[in-house]
Structure formats: C-alpha cells, structure tokens
Amino acid sequence: MRTLSILLKTSWRGWVNSIRYASEERRKKFAEIIGFLVLVAALYLTGKAVFREASSQLADAYSPVMLQAINLFMASGVFILAKDAMEGSLKLFYEASDTSLLLSSPLLPPTVFGFKLIQLITSNLLSMVIWLFPPWIAFGQLFGLPWHFYVALIPICFCLLVIIISEISIVMMVIIRFFSSRRMIQCLKILGTTIGVSAGFLLSMSFIAMNQSDRIAQFILARLKAPASAWYPHLWAAKLMMSWLPGSNEQTLRWGVQLVGASVAVPALGVLLAS
C-alpha cells in the first residue's frame, strides 16, 4: 500500500508539472476545456428538451417514455466512457513507457495493475462529469428536485465510472493476453476514434440546431432505444437517482448496495486476475 501511495504521488506531481511548465500542454488543455463546455451545453439542452417532451406526453415521471429517455442518456454516457476506457487502457497498460519498467521492478503485478487502474479512473473523471451529469441536472430541474439530489449525483456516477473502467480494463487484459495482434490493436484504436468523433459531431449539430429542439426530442424518443436489463449497472444508478422523485417507491437500499458492491468487487477481480 505504501508503494502504491508513492507511485500515485509521483504520477500526480508529474501531471501538475506538465501543466505548470509546458506551455504547449496548457494550450492543449485550454482547447479541450472549450470543447468540453460545448459538449456539456449540448447534452444539457438535449436532455432538457427530451425530458420536457417525455413529460408532456405523459406527466408521470415513471412512465415508460421517461424511463426510456433516462436509459438512453445513461447508456450513451456509459458507451462513451467505455470507449475512453478502452483507449486509455491500451495507452496506460500497454503503451506507456513506464509500464515495462514497473513490471521489471520488484513490484508485484497486482500493485502495478492497481496503480494503472487508479490512473485510468482519475483520467476519466472529467469525462464522467461531461457525459453523465448534464442530463441528470436537466432532469432534476424539470422536476424541482432538492439540492442533495445533485450532491448524490457525484458518488453515484463515480461508482458507475469505477465499474465501467474496471470491466473494460479486465476485458482488455484478456484480449491482450490471449488475442493480441498489431492489427487488432489498430482496429480498436480506429474504432475508439470513430466513436468519439461521431458522438462529438452529433452533439455539436444538436447544439447548433437547438431552435428545433422539440423535433430533435421527438425523433430521439420515437426512433432511438437502448437495451435494458436488471443486470446493467447504469440502470442501478438511474433507479437510485430516481428515488429522489416525490412519492418514489424505488428500493434505495437495494440499488445502492448493488452499485457500491460492484464498484468494489469488479476492481478487486481485476487485481486478482492480474496476479
């Protein structure tokens, strides 16, 4: 544990120094922030339009249309976070210059995996905020939910992020170990880039076309659907967030225990497999 703490402190100082002393890195981060703000605004306005359209069709917050809208936004966010996790795991676990050095050191493989996993999770915190927060903020404003709904959004989305990153890291570990090839790695990179560019383009277009937000919302509700299953962690998070609705009958303890339990069990499984 002490070794892991030292590695994390060193990584943090390296990141801070890259921002403090590298002017090119600062300019890159500034450009990224501008792009992220556009995405946040587009997601918020799209979520607001879709939830408003869903509530106008059926006033009940538990209507199938509203649940479909929530599931669609959550599934889309999870899909993008999984894409980021796939790209990040390739870079951090297998392409980073320090990976071979750490593995050749006296450090145990589970320690190296845990260190890299924490790096991957922290590097995706901003993506979590961008892709998961805006629709829920629009949802909370539409139904006038209290302030602690927004506070609870942080740990709930963080648990979901940990589950997603850990699951993708385990899958990538299996792929690299048993099915690794240069062509497959290249295909995974191309797939991730294509998904990211397509998602950014579609959201940017929806932001530009906000004067037709009602039509966009109607199209989304009528044409787009996401698969739903009681085994999907993003639905556990959604059910837990919906427990703040007035008159909610959601099983708060059940969804909370499942979400927190999975956010502990899945990374632990990854560490166990890395040993």
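Okay, hi everyone. Keep in mind as we go that what you see above is a predicted model.

Let's start with charges. How many salt bridges does the count come to? It comes to 2. One is between Asp84 and Lys83, and there the closest N and O atoms are 2.7 Å apart. The other one brings together the side chains of Lys83 and Glu87, at 3.6 Å from N to O.

So where do Lys83 and Glu87 sit? Both are in helix α3, which covers residues 64-95. They are 4 residues apart, and that's about one turn of the helix. You'll have noticed that Lys83 turns up in both bridges. Salt bridges with shared partners tie Lys83, Asp84 and Glu87 into one network.

Now, buried or exposed? Lys83 has a relative accessible area of 11%, and buried means under 20%, so Lys83 is buried. Asp84 is buried too. Glu87 comes in at 26%, so Glu87 counts as partly exposed.

How many aromatic pairs does the structure hold? There are 7. Take Trp136 and Phe139: the ring centres are 5.3 Å apart and the planes sit at 80°. Edge-to-face needs planes over 60 degrees apart, which is why this pair gets that label. Trp136 and Phe139 are both in helix α6, residues 125-142, and they're 3 residues apart, about one turn of the helix. Both are buried, with Trp136 at 3% relative accessibility and Phe139 at 0%.

Here's another pair, Phe149 with Trp244, also edge-to-face, with 6.2 Å from centre to centre and 75° between the planes. This one links distant parts of the chain, since the two residues are 95 apart. Phe149 is in helix α7 (residues 147-179), while Trp244 is in the loop between α10 and α11. Phe149 is buried, at 0% relative accessibility, whereas Trp244 is partly exposed, at 23%.

And if you follow the ring pairs along, you get a cluster: Phe51, Phe73, Trp136, Phe139, Phe143, Phe149, Tyr150 and Trp244.

Last stop is helix α10, residues 233-242. How many of its 10 residues are buried? The number is 9, so the helix is mostly covered. Among the buried ones are Pro233, His234, Trp236 and Met242.

Notes
Residues are numbered from 1 along each chain as its sequence is written. This is a predicted model: local features need pLDDT of at least 70, side-chain atom pairs count only at pLDDT 80 or more; totals for chains, interfaces and linings use all residues. Side-chain values use heavy atoms; hydrogens and water are left out. Buried means under 20% relative accessible area, exposed over 50%, partly exposed in between (1.4 Å probe, protein chains only). A salt bridge is a side-chain nitrogen of Lys or Arg within 4 Å of a carboxyl oxygen of Asp or Glu. Rings of Phe, Tyr and Trp (its six-membered ring) pair if their centres lie within 6.5 Å; planes under 30 degrees apart count as stacked, over 60 as edge-to-face and the rest as tilted.
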